[in-house]
Amino acid sequence: MTAWTSSALHTDRYELTMLDAALRDGTAKRRCVFELFGRRLPGGRRFGVVAGTGRLLTLLRDFRFGHDELRFLRDERVVDAETIDFLERYRFSGNITGYREGELYFPGSPILTVEGTFAEAVVLETLALSVLNHDSAVATAAARMSVAAGDRPLAEMGSRRAGEASAIAAARAAYIAGFSATSNLEAGRRWGIPTMGTAAHAWTLLHDSEEAAFRAQVETLGVDTTLLVDTYDIREGVETAVRVAGTQLGGVRIDSGDLPIVAAEVRELLDELGATSTKITVTSDLDEYAIAALAASPVDSYGVGTSVVTGSGTPTAGMVYKLVARQDSAGGWVGVEKTSADKTSRGGRKAAFRTLDAGTATSELIVVSDGFEEIDTPDRHPGARALQVPLVVDGETDASFEGPEGVDAARRHHARVREELPVRALALSRSDPAIPTVYVDADEV
């Protein structure tokens with residue numbers, strides 16, 4: 001039996017010191033609305049991809065303060081005895097709505113809306129941001145690579161370039177956003193992602209000759225395997241591979257050199273040797289720009305490591321978690337917002353829609369309300385698509401978003417909604433968001 005692991009201390013100290021003070025001054029029970037969103041798309045990206053929602057819901061279920069967590073807080077004098085008692089009984093009982101995992105987002109998109117008392121909602125900030133900022137950054141990079149790759153499959157193989165837990169999360173996010181496989185076995189076991197991998201250069205170097213290494217690999221894995229041909233001389237490697245495996249060799253992998261030139265030479269040589277059906281996989285520090293540069297090359301698939309697991313230069317999505325509405329002392333609702341320079345937020349509870357013209361996205365329409373009335377599809381945009389779904393209702397999470405089934409659903413949803421992007425969104429150059437974010441008051445729709 002696997003021991004239960006609490007996620008409650010995956011948080012910053014100031015969350016609990018705010019809770020401590022709120023319990024003292026009587027504001028802890030005030031009903032509040034917190035919102036997780038990004039003020040901008042980092043790196044000049046034209047769209048973002050939401051990822052991590054299913055992981056967050058699972059972690060939320062484990063957000064409990066057990067004996068070990070409470071002992072640490074008590075010993076370190078983080079909070080007082082009253083707060084310790086509160087945390088011992090802590091269970092999130094509010095509601096969370098948000099964008100479906102795999103959904104596209106833009107500046108200001110209310111990706112996650114958390115409704116509950118101040119006490120139960122504020123402590124979720126760090127956990128929510130750490131999951132969604134990381135996973136969405138990876139998914140956004142992966143989507144750009146998927147766009148650049150077109151119909152050619154992509155494999156995620158960056159575990160050695162990330163922390164052990166981050167590597168598993170990154171494989172999951174990349175798969176949702178268009179990758180077809182991962183080298184990480186734990187990601188395969190946990191999330192149902194197809195796994196792949198054959199041999200590294202160490203395998204060839206282990207043997208007395210390249211031919212001996214290839215022969216042993218083929219005898220073990222069959223002629224459908226992929227042989228790594230660039231340990232020594234690529235041309236000799238290809239010739240040896242075909243001599244050992246025959247013309248039905250499954251594939252060769254190239255991990256070095258000027259890839260467009262080398263890929264063309266390898267394809268020509270394979271065809272000359274009669275291995276016309278042998279596939280070519282390229283790796284070697286690929287990112288979306290390198291993949292795009294290979295579009296005209298005779299390449300069949302790509303393996304991507306460092307770039308995808310680190311967000312291809314943008315390792316965080318830059319999302320924030322802000323209080324946007326609360327009840328006042330009389331029980332009425334008021335919108336609240338931050339007005340600091342370059343860090344403003346828009347107060348009020350929000351409903352989000354994507355307006356479409358003949359199936360193509362035209363805007364991110366965000367309807368703002370101070371109250372809690374239901375906001376239907378705006379009359380002026382009858383074809384708009386509602387973007388938010390219930391994730392947690394009265395403290396109960398929707399399990400359909402979790403596990404391998406949730407990952408598969410998110411992957412399918414992403415493939416569908418990416419078809420809504422206008423053509424300009426698919427360019428890789430730095431630019432403004434592909435569609436504008438438009439705010440309207442609830443009484444204007």
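Modeller: Two strands count as paired if DSSP finds at least two bridges between them; helices (H or I, at least four residues) and strands (E, at least two) are DSSP runs, numbered from the N terminus. This is a predicted model, in which local features need pLDDT of at least 70, side-chain atom pairs count only at pLDDT 80 or more, and totals for chains, interfaces and linings use all residues. Residues are numbered from 1 along each chain as its sequence is written, and side-chain values use heavy atoms, with hydrogens and water left out.

The open sheet contains seven strands, in the order β13-β12-β1-β5-β3-β17-β18, with antiparallel pairing. Its edges are β13 (333-335) and β18 (396-397); each has a single partner strand, so one side of each is left without a neighbour in the sheet. Within the sheet, β1 (residues 31-38) and β12 (residues 319-327) run antiparallel and are joined by seven bridges. One of the residues involved is Phe-37, whose bridge partner in β12 is Val-320.

For the angles, axes are lines fitted to C-alpha atoms, for helices over the stretch in contact (heavy atoms within 4.5 Å), and the values run from 0 to 180 degrees between N-to-C directions. Helix α2 (residues 53-61) lies across β3 (95-99), β5 (112-117), β17 (388-393) and β18, and runs at about 15 degrees to β17. Helix α6 (residues 125-149) lies across β1, β5 and β12, at about 140 degrees to β12.
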